[in-house]
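Please examine the sequence and the three-dimensional structure displayed below before reading on.

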Amino acid sequence: SQKTDTCQQPPKADISVKHVILVLSGKGGVGKSTVSVNLSYALASHGYQTGLLDLDIHGPSIAKMLGIENLKLQALGNKMMPVKVTGSLKVVSMALLLNTTDSPIVWRGPMKAAAIKQFLGDVDWGDLDYLVVDLPPGTGDEALNIVQFAPNVEGAVIVTTPQDVAVLDSTKAIKFVEMMDLPVLGIIENMSGMVCPHCGEVVDLFGKGGGEKVAAQYNVPFLGSIPIDIEMRKAGDEGRPFIVKRTSEKNPTRDAVDKVME
Ligand code: ADP
(Lines give C-alpha, C1' and ligand atoms only; values in the text may rest on other atoms or scores of the structure.)
Protein backbone atom coordinates (compact mmCIF):
# COMPACT_ATOMS: atom_id res chain seq x y z
CA SER A 1 0.00 0.00 0.00
CA GLN A 2 1.01 3.62 -0.23
CA LYS A 3 1.39 3.83 3.50
CA THR A 4 4.04 1.13 3.69
CA ASP A 5 5.84 2.75 0.75
CA THR A 6 6.37 5.96 2.71
CA CYS A 7 7.81 3.94 5.59
CA GLN A 8 10.50 2.42 3.43
CA GLN A 9 14.16 3.44 3.53
CA PRO A 10 15.04 6.53 1.45
CA PRO A 11 16.23 5.61 -2.05
CA LYS A 12 19.95 5.02 -2.56
CA ALA A 13 21.95 7.71 -4.37
CA ASP A 14 22.43 7.29 -8.11
CA ILE A 15 26.08 6.24 -8.21
CA SER A 16 27.64 3.33 -10.05
CA VAL A 17 29.99 1.62 -7.60
CA LYS A 18 30.68 -2.02 -6.89
CA HIS A 19 32.15 -1.73 -3.38
CA VAL A 20 31.92 1.10 -0.87
CA ILE A 21 34.51 0.86 1.92
CA LEU A 22 34.14 3.02 5.00
CA VAL A 23 37.20 4.08 6.97
CA LEU A 24 36.31 4.78 10.58
CA SER A 25 37.99 5.45 13.88
CA GLY A 26 36.79 5.99 17.40
CA LYS A 27 39.13 8.92 17.94
CA GLY A 28 40.67 11.70 15.86
CA GLY A 29 44.32 11.89 14.94
CA VAL A 30 44.91 8.14 14.78
CA GLY A 31 45.68 8.05 11.05
CA LYS A 32 42.29 7.46 9.48
CA SER A 33 42.88 9.91 6.61
CA THR A 34 46.39 8.55 6.10
CA VAL A 35 44.95 5.04 5.75
CA SER A 36 42.17 6.26 3.42
CA VAL A 37 44.66 7.96 1.11
CA ASN A 38 47.08 5.03 0.99
CA LEU A 39 44.29 2.48 0.59
CA SER A 40 42.76 4.43 -2.30
CA TYR A 41 46.14 4.70 -3.99
CA ALA A 42 46.77 0.99 -3.47
CA LEU A 43 43.42 0.09 -5.06
CA ALA A 44 43.94 2.52 -7.95
CA SER A 45 47.42 1.16 -8.59
CA HIS A 46 45.94 -2.33 -8.93
CA GLY A 47 43.92 -0.92 -11.82
CA TYR A 48 40.62 -0.49 -10.01
CA GLN A 49 38.60 2.61 -10.78
CA THR A 50 38.64 4.20 -7.36
CA GLY A 51 36.88 7.14 -5.77
CA LEU A 52 37.95 8.74 -2.51
CA LEU A 53 35.24 10.67 -0.71
CA ASP A 54 36.36 12.82 2.20
CA LEU A 55 33.39 13.12 4.53
CA ASP A 56 35.36 14.69 7.34
CA ILE A 57 33.36 17.82 6.58
CA HIS A 58 34.65 19.85 9.52
CA GLY A 59 38.30 18.88 9.15
CA PRO A 60 38.97 17.72 5.61
CA SER A 61 42.63 16.77 5.24
CA ILE A 62 42.57 14.47 2.22
CA ALA A 63 43.18 17.25 -0.31
CA LYS A 64 46.28 18.44 1.52
CA MET A 65 47.56 14.88 1.88
CA LEU A 66 47.22 14.43 -1.88
CA GLY A 67 48.74 17.83 -2.69
CA ILE A 68 45.61 18.95 -4.53
CA GLU A 69 44.38 21.58 -2.08
CA ASN A 70 44.66 24.30 -4.73
CA LEU A 71 42.35 22.50 -7.13
CA LYS A 72 38.58 22.90 -7.11
CA LEU A 73 35.66 20.73 -8.09
CA GLN A 74 34.25 21.94 -11.40
CA ALA A 75 30.63 21.89 -12.48
CA LEU A 76 29.75 20.38 -15.84
CA GLY A 77 26.08 20.64 -16.73
CA ASN A 78 24.24 19.59 -13.59
CA LYS A 79 27.06 17.38 -12.33
CA MET A 80 30.12 18.09 -10.20
CA MET A 81 33.40 16.77 -11.60
CA PRO A 82 35.67 15.11 -9.04
CA VAL A 83 39.35 16.03 -9.00
CA LYS A 84 41.32 13.42 -10.94
CA VAL A 85 44.52 12.51 -9.08
CA THR A 86 45.56 9.73 -11.44
CA GLY A 87 43.84 7.95 -14.33
CA SER A 88 42.04 5.70 -11.89
CA LEU A 89 41.74 7.82 -8.74
CA LYS A 90 39.16 10.56 -8.30
CA VAL A 91 38.62 12.64 -5.19
CA VAL A 92 35.81 14.69 -3.70
CA SER A 93 36.19 16.70 -0.52
CA MET A 94 34.64 19.74 1.09
CA ALA A 95 38.12 21.29 0.90
CA LEU A 96 37.87 21.14 -2.90
CA LEU A 97 34.69 23.23 -2.81
CA LEU A 98 35.74 26.02 -0.50
CA ASN A 99 37.83 29.05 -1.34
CA THR A 100 39.33 29.38 2.10
CA THR A 101 41.21 26.86 4.17
CA ASP A 102 40.78 28.53 7.56
CA SER A 103 37.00 29.00 7.85
CA PRO A 104 34.99 26.48 9.81
CA ILE A 105 31.96 24.82 8.29
CA VAL A 106 29.05 25.49 10.63
CA TRP A 107 26.33 23.10 9.55
CA ARG A 108 23.67 21.19 11.33
CA GLY A 109 22.79 17.59 10.55
CA PRO A 110 20.27 18.15 7.72
CA MET A 111 22.74 20.28 5.72
CA LYS A 112 25.40 17.64 6.08
CA ALA A 113 22.95 14.96 4.98
CA ALA A 114 22.09 17.02 1.88
CA ALA A 115 25.78 17.53 1.06
CA ILE A 116 26.55 13.83 1.48
CA LYS A 117 23.68 12.91 -0.82
CA GLN A 118 25.06 15.32 -3.44
CA PHE A 119 28.62 14.05 -3.05
CA LEU A 120 27.30 10.65 -4.09
CA GLY A 121 24.54 11.29 -6.60
CA ASP A 122 25.45 14.66 -8.13
CA VAL A 123 29.12 13.90 -8.77
CA ASP A 124 30.20 12.46 -12.10
CA TRP A 125 32.17 9.54 -10.58
CA GLY A 126 31.86 7.36 -13.70
CA ASP A 127 31.76 3.61 -13.07
CA LEU A 128 33.69 2.91 -9.89
CA ASP A 129 35.03 -0.39 -8.64
CA TYR A 130 35.70 1.06 -5.19
CA LEU A 131 34.62 4.14 -3.28
CA VAL A 132 36.71 4.70 -0.15
CA VAL A 133 34.93 6.96 2.33
CA ASP A 134 37.01 8.80 4.93
CA LEU A 135 34.60 9.53 7.79
CA PRO A 136 35.05 11.93 10.69
CA PRO A 137 36.10 10.30 13.95
CA GLY A 138 33.33 8.73 15.95
CA THR A 139 29.94 7.47 14.95
CA GLY A 140 27.90 10.55 14.11
CA ASP A 141 25.59 11.77 11.37
CA GLU A 142 28.04 11.37 8.50
CA ALA A 143 28.49 7.66 9.14
CA LEU A 144 24.75 7.12 9.44
CA ASN A 145 24.09 9.14 6.29
CA ILE A 146 26.57 7.30 4.13
CA VAL A 147 25.17 3.93 5.16
CA GLN A 148 21.70 5.22 4.35
CA PHE A 149 22.47 6.78 0.96
CA ALA A 150 25.29 4.69 -0.54
CA PRO A 151 24.58 1.45 -2.39
CA ASN A 152 26.81 -1.64 -1.99
CA VAL A 153 28.43 -0.70 1.30
CA GLU A 154 30.86 -3.56 1.82
CA GLY A 155 31.81 -2.77 5.42
CA ALA A 156 34.25 -0.72 7.43
CA VAL A 157 37.96 -0.64 8.11
CA ILE A 158 38.64 0.65 11.62
CA VAL A 159 41.86 2.48 12.44
CA THR A 160 43.17 2.72 15.97
CA THR A 161 46.41 3.42 17.78
CA PRO A 162 47.54 0.84 20.35
CA GLN A 163 46.73 3.25 23.19
CA ASP A 164 44.02 2.21 25.67
CA VAL A 165 41.81 5.27 25.06
CA ALA A 166 41.92 4.79 21.30
CA VAL A 167 41.24 1.07 21.57
CA LEU A 168 38.31 1.71 23.88
CA ASP A 169 36.82 4.17 21.38
CA SER A 170 37.42 1.75 18.53
CA THR A 171 35.19 -0.81 20.26
CA LYS A 172 32.38 1.75 19.89
CA ALA A 173 33.14 2.00 16.19
CA ILE A 174 33.03 -1.81 15.91
CA LYS A 175 29.66 -1.94 17.67
CA PHE A 176 28.34 0.87 15.49
CA VAL A 177 29.28 -1.00 12.32
CA GLU A 178 27.61 -4.14 13.65
CA MET A 179 24.49 -2.14 14.54
CA MET A 180 24.38 -1.01 10.92
CA ASP A 181 24.35 -4.70 9.97
CA LEU A 182 27.67 -4.32 8.18
CA PRO A 183 30.84 -6.37 8.56
CA VAL A 184 34.00 -4.95 10.08
CA LEU A 185 36.46 -5.62 7.25
CA GLY A 186 39.36 -5.32 9.66
CA ILE A 187 41.27 -3.37 12.27
CA ILE A 188 44.49 -1.52 11.49
CA GLU A 189 46.79 -0.56 14.34
CA ASN A 190 48.59 2.62 13.37
CA MET A 191 51.42 4.41 15.19
CA SER A 192 52.42 1.07 16.56
CA GLY A 193 55.95 1.52 17.89
CA MET A 194 58.58 3.97 16.75
CA VAL A 195 62.09 3.13 15.65
CA CYS A 196 64.52 5.57 17.26
CA PRO A 197 66.42 7.19 14.37
CA HIS A 198 69.53 7.39 16.59
CA CYS A 199 69.89 4.00 18.26
CA GLY A 200 67.42 1.88 16.27
CA GLU A 201 65.60 0.72 19.39
CA VAL A 202 61.82 0.40 19.10
CA VAL A 203 59.92 2.66 21.50
CA ASP A 204 56.29 1.68 22.03
CA LEU A 205 55.12 5.25 22.36
CA PHE A 206 51.42 4.45 22.47
CA GLY A 207 51.71 0.89 23.82
CA LYS A 208 51.48 -2.23 21.72
CA GLY A 209 49.04 -4.88 20.56
CA GLY A 210 45.81 -3.03 21.43
CA GLY A 211 44.45 -3.33 17.90
CA GLU A 212 45.15 -7.03 17.68
CA LYS A 213 43.60 -7.65 21.08
CA VAL A 214 40.40 -5.81 20.24
CA ALA A 215 40.15 -7.63 16.90
CA ALA A 216 40.40 -10.98 18.71
CA GLN A 217 37.91 -9.88 21.34
CA TYR A 218 35.29 -8.93 18.76
CA ASN A 219 36.20 -11.71 16.38
CA VAL A 220 37.00 -9.40 13.46
CA PRO A 221 40.05 -9.57 11.16
CA PHE A 222 43.28 -7.84 12.19
CA LEU A 223 44.86 -6.34 9.08
CA GLY A 224 48.23 -5.39 10.58
CA SER A 225 50.21 -2.63 12.23
CA ILE A 226 51.92 0.44 10.83
CA PRO A 227 54.80 1.93 12.83
CA ILE A 228 55.29 5.62 13.55
CA ASP A 229 57.63 6.85 10.90
CA ILE A 230 58.74 10.40 10.20
CA GLU A 231 58.43 9.56 6.49
CA MET A 232 54.71 8.82 6.98
CA ARG A 233 54.18 12.21 8.60
CA LYS A 234 56.23 13.98 5.94
CA ALA A 235 54.34 12.19 3.17
CA GLY A 236 51.07 13.53 4.58
CA ASP A 237 52.34 17.07 4.94
CA GLU A 238 54.03 17.12 1.54
CA GLY A 239 50.96 15.84 -0.27
CA ARG A 240 52.70 12.74 -1.63
CA PRO A 241 51.16 9.60 -0.16
CA PHE A 242 53.65 7.28 1.50
CA ILE A 243 52.66 4.39 -0.73
CA VAL A 244 53.74 6.19 -3.91
CA LYS A 245 57.05 7.44 -2.52
CA ARG A 246 58.92 4.39 -3.75
CA THR A 247 62.62 4.24 -2.99
CA SER A 248 65.00 1.38 -3.50
CA GLU A 249 65.95 1.38 0.19
CA LYS A 250 64.57 -1.38 2.34
CA ASN A 251 62.10 0.13 4.73
CA PRO A 252 60.15 -1.76 7.43
CA THR A 253 57.35 0.82 7.37
CA ARG A 254 56.94 0.28 3.63
CA ASP A 255 56.69 -3.47 4.19
CA ALA A 256 54.11 -2.90 6.94
CA VAL A 257 52.03 -0.54 4.80
CA ASP A 258 52.17 -2.88 1.81
CA LYS A 259 51.06 -5.78 3.99
CA VAL A 260 48.16 -3.84 5.50
CA MET A 261 46.93 -2.58 2.13
CA GLU A 262 47.17 -5.99 0.44
P1 ADP B 1 42.93 11.16 11.38
O2 ADP B 1 42.38 11.13 10.00
O3 ADP B 1 42.62 9.94 12.18
O4 ADP B 1 42.60 12.43 12.13
P5 ADP B 1 45.50 11.59 10.10
O6 ADP B 1 45.58 10.54 9.06
O7 ADP B 1 45.14 12.98 9.68
O8 ADP B 1 44.53 11.12 11.29
O9 ADP B 1 46.88 11.58 10.89
C10 ADP B 1 47.21 12.54 11.87
C11 ADP B 1 48.64 13.00 11.68
O12 ADP B 1 49.53 11.92 11.97
C13 ADP B 1 48.95 13.42 10.26
O14 ADP B 1 49.84 14.51 10.31
C15 ADP B 1 49.63 12.20 9.64
O16 ADP B 1 50.53 12.55 8.61
C17 ADP B 1 50.36 11.63 10.84
N18 ADP B 1 50.49 10.16 10.78
C19 ADP B 1 49.53 9.24 10.58
N20 ADP B 1 50.03 7.99 10.63
C21 ADP B 1 51.36 8.11 10.91
C22 ADP B 1 52.47 7.18 11.11
N23 ADP B 1 52.28 5.86 11.04
N24 ADP B 1 53.68 7.71 11.34
C25 ADP B 1 53.88 9.05 11.42
N26 ADP B 1 52.92 9.96 11.25
C27 ADP B 1 51.67 9.51 11.00
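Predicted model: local features only at pLDDT ≥ 70, side-chain atom pairs only at ≥ 80, totals over all residues.

Residues are numbered from 1 along each chain as its sequence is written. Confidence is lowest in helix α1 (residues 2–7), with a mean of 51, and highest in strand β7 (residues 127–134), at 98. Helices (H or I, at least four residues) and strands (E, at least two) are DSSP runs, numbered from the N terminus. The scores of the model are ipTM 0.99 and pTM 0.92.

Around the ligand there are 17 residues, each counted as near if its C-beta atom, placed from the backbone, lies within 6 Å of the molecule. Lys32, Ser33, Thr34, Met232 and Gly236 come nearest. Two or more residues of this shell are given by each of α2 (32–45), β9 (184–195), β11 (222–228) and α8 (230–238). By class, the shell holds five nonpolar residues (Ala, Val, Leu, Ile, Met, Phe, Trp, Tyr, Cys and Pro), three charged (Asp, Glu, Lys and Arg) and nine polar (the others, Gly among them).

Strand β9 also contains Met191, a residue other than glycine with a positive phi near 60°. Met191 counts as buried (20 or more other C-beta atoms within 10 Å of its own, C-beta atoms being placed from the backbone) because it has 25 such neighbours. Asn152, likewise not a glycine, has a positive phi of about 50° and lies in the loop between α5 (141–149) and β8 (153–160). With 14 C-beta neighbours inside 10 Å, Asn152 counts as partly exposed, that is, between the buried limit and the exposed limit of 12 or fewer.

Notes:
pLDDT = per-residue confidence, 0-100.
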